[in-house]
Amino acid sequence: MAGNVSVLIAGAGPVGLTMANELARHGISVRIVDPAAARTDKSKALVLWSRTLELFDHGGYVDPFLAAGMKAHGAQMSNGKDVIARISLDDIESAYPYALMIPQSDTERVLEEQLEKKGVKVERTVALESFKDQGSQVEAVLRKASGESETLTADWLVGCDGAHSVVRHGLGFTFDGTTQPSDWYLADGHISGLNPQDQLHIFWHKDGILAFFPITEGRWRVIADLGPAQSDAHCPDPTLQEVQALITLRGTDGIVIKDAYWLAAFRINERKVSQYGRGRAFLAGDAAHIHSPAGGQGMNTGMQDAFNLAWKLSLVIGGVCKPALLDSYSVERSAVGDMVLRNASRLTDAAIIRNPIVQGLRNTVVKFALGFPQLGHRVANLLAELDIGYPKSPLTVEGAHRPSGTKAGERWSKRLPPDPGKARFTAIGPADVVSGLAAKFPQLVQAAPASDGGDLRLVRPDGYVGFAGAAADRTGAEAYLQALKV
């Protein structure tokens, strides 16, 4: 029996690596295992949205992502001849007003490099085989590629182990949803004849969608739907010539693809668990929810699962907060998962319309609606995941005096002061009030006096307002913190 570790993380994809980085940042001991021998070499999930970049910024390691990625400033929809509508990302209400296009291979590289700086190394060719929640700890069996096994104990287990999650199966959770009965082609290669290069290009052709996503200068991801599947059998991966034929048919003249890094056929799965954990085991990312790639929000949503859970685990493991704090994880993230699933499904359904009359109606409605800058701005913020909040969370409390501006449960849009090595709430408001809260709850609160005094807010470590009231609501804020504290 191996020694105890605070958190065992199964899966070293972007979500597991984010979880490990955040826990290690807060001084929590972790082991992270993955059956794969190496990081992915595929582009896979391509975009880091503004909200995710804000969270990496607060963690102190956003710069390596910015250095590795390419900023996309908008998207345009076309029917192959005429532009139907454009969406600008430049006015996203964030310090990161763009989509950062970055291959998943680079995202994982950056995360793994950051993790190694924190003294944690991914254990590769090591799979979680089984586990038992024993109430006070989790007993887990790891299997190495050599066949050798190891049994260890961990205080907590987090399954970031993908759509075929061992942790989810071990918990006995059903993965409810559907597989869409349509085939898609994907290609990742060098493309010429497509401009501007800092835009997403979406063609709504009468025969189906054709979409281009910039990866690096001159390199693009292409996806196209092929319509209803002709059989239950998996569609063969396309050839470069087949992808070029679709580009020629559905795109504008002169677009040419060559030097493909990756060619694949796929079907869209939309599935989700009803709860994100039980006892001492939790799920995050694709282990809990998978959805259409429309909107590029799957990986981002999973990473934000990790940010949400990591600060709560660190406060509970550190003996600062009651274990009941962890009950909020499933409540909050399951609601977000439902929303993302719903939005991605709607985007996909709109993109694959085949009826010519409905296609015409869709194009007309979208052209009209996105002609209003306010609506385009709202769509951009939605894509950037700035609209995510926790209005119905048990951690969301309004004071007796309702404040103006940002409400409880909403994202705090301003940059929070750094809090190295600790997960603490930031008390924002009149200096005497917030200093008093920080003095009374030093392990749970850091003070950030507002220059104008103003209302009182307690902003969670993941940047959402937990408590919001007036300066006179100090007693309410103290009650809020006392309820969390051990």
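Mentor: Begin with a term: a patch is made of residues with over 30% relative accessible area and no salt bridge, and nonpolar side chains are joined within 5 Å. Keep in mind that this is a predicted model.

Trainee: Which residues form a nonpolar patch on the surface, and what is their accessible area together?

Mentor: The patch is nonpolar and consists of Phe368, Phe372 and Leu375. Taken together, the accessible area of these three residues is about 310 Å².

Trainee: Is Phe368 buried or exposed?

Mentor: Phe368 belongs to helix α9, residues 356-369. Exposed means over 50% relative accessible area. Phe368 has 59% relative accessibility, so Phe368 counts as exposed.

Trainee: How does the radius of gyration of the protein chain compare with the globule rule?

Mentor: The chain has 12 helices and 26 strands. For 486 residues the globule rule gives 23 Å, and the chain is as compact as a globular protein of that length because its radius of gyration is close to that, at 23 Å.

Trainee: What share of the residues in the protein chain is buried?

Mentor: The C-alpha trace spans about 65 × 60 × 35 Å along its principal axes. The accessible surface comes to about 20000 Å², and carbon and sulfur atoms hold 54% of that. Of the 486 residues, the buried share is 57%.

Trainee: Among contacts between residues at least 6 apart in sequence, what share joins residues at least 24 apart?

Mentor: Contact here means heavy atoms within 4.5 Å. Among the contacts between residues at least 6 apart, the share joining residues at least 24 apart is 72%.

Trainee: Which are the edge strands of the open sheet of five strands?

Mentor: The strand order in this sheet is β22-β26-β25-β23-β24, with mixed pairing. An edge strand pairs on one side only, which applies to β22 (397-398) and β24 (445-449).

Trainee: Which residue in β26 is the bridge partner of Arg457?

Mentor: Strands β25 (residues 456-459) and β26 (residues 465-469) run antiparallel and are joined by four bridges. The partner of Arg457 in β26 is Ala468.

Trainee: Is Arg221 buried or exposed?

Mentor: Arg221 lies in strand β16, residues 219-228. In β16, eight of the 10 residues are buried. Beyond its neighbours within four places in sequence, Arg221 contacts residues including Ser43, Asp188, Phe213 and Trp262. The relative accessible area of Arg221 is 9%, so Arg221 is buried.

Trainee: In β16, which residue is the bridge partner of Asp188?

Mentor: Strand β13 (residues 182-192) pairs with β16 in the antiparallel sense, over eight bridges. Asp188 has as its bridge partner in β16 the residue Arg221.

Trainee: Which residue in the hairpin of β15 and β16 takes a positive phi?

Mentor: β15 (residues 208-216) and β16 run antiparallel and are joined by six bridges. Thr216 stands opposite Arg219 in β16. The hairpin has two residues between the strands, and the positive phi, near 85°, belongs to Gly218.

Trainee: What is the relative accessible area of His26?

Mentor: His26 is in the loop between α1 (14-25) and β2 (30-34). Leaving aside neighbours within four places in sequence, His26 is in contact with Ala310, Ser314, Gly421, Lys422 and Ala423. His26 is buried, and its relative accessible area is 10%.

Methods. Residues numbered from 1 in each chain as written. Predicted model: local features only at pLDDT ≥ 70, side-chain atom pairs only at ≥ 80, totals over all residues. Heavy atoms only, no water. Patch = residues over 30% accessible without salt bridge, like charges linked within 9 Å, V, L, I, M, F, W, Y side chains within 5 Å. Areas by Shrake-Rupley, 256 points an atom, 1.4 Å probe, with all protein chains shown as cover. Salt bridge = Lys/Arg side-chain N within 4 Å of Asp/Glu carboxyl O. Buried < 20%, exposed > 50% of the residue type's maximum accessible area, 1.4 Å probe, protein only. Rg over C-alpha atoms; globule rule 2.2 N^0.38 Å. Pairing = 2+ DSSP bridges.
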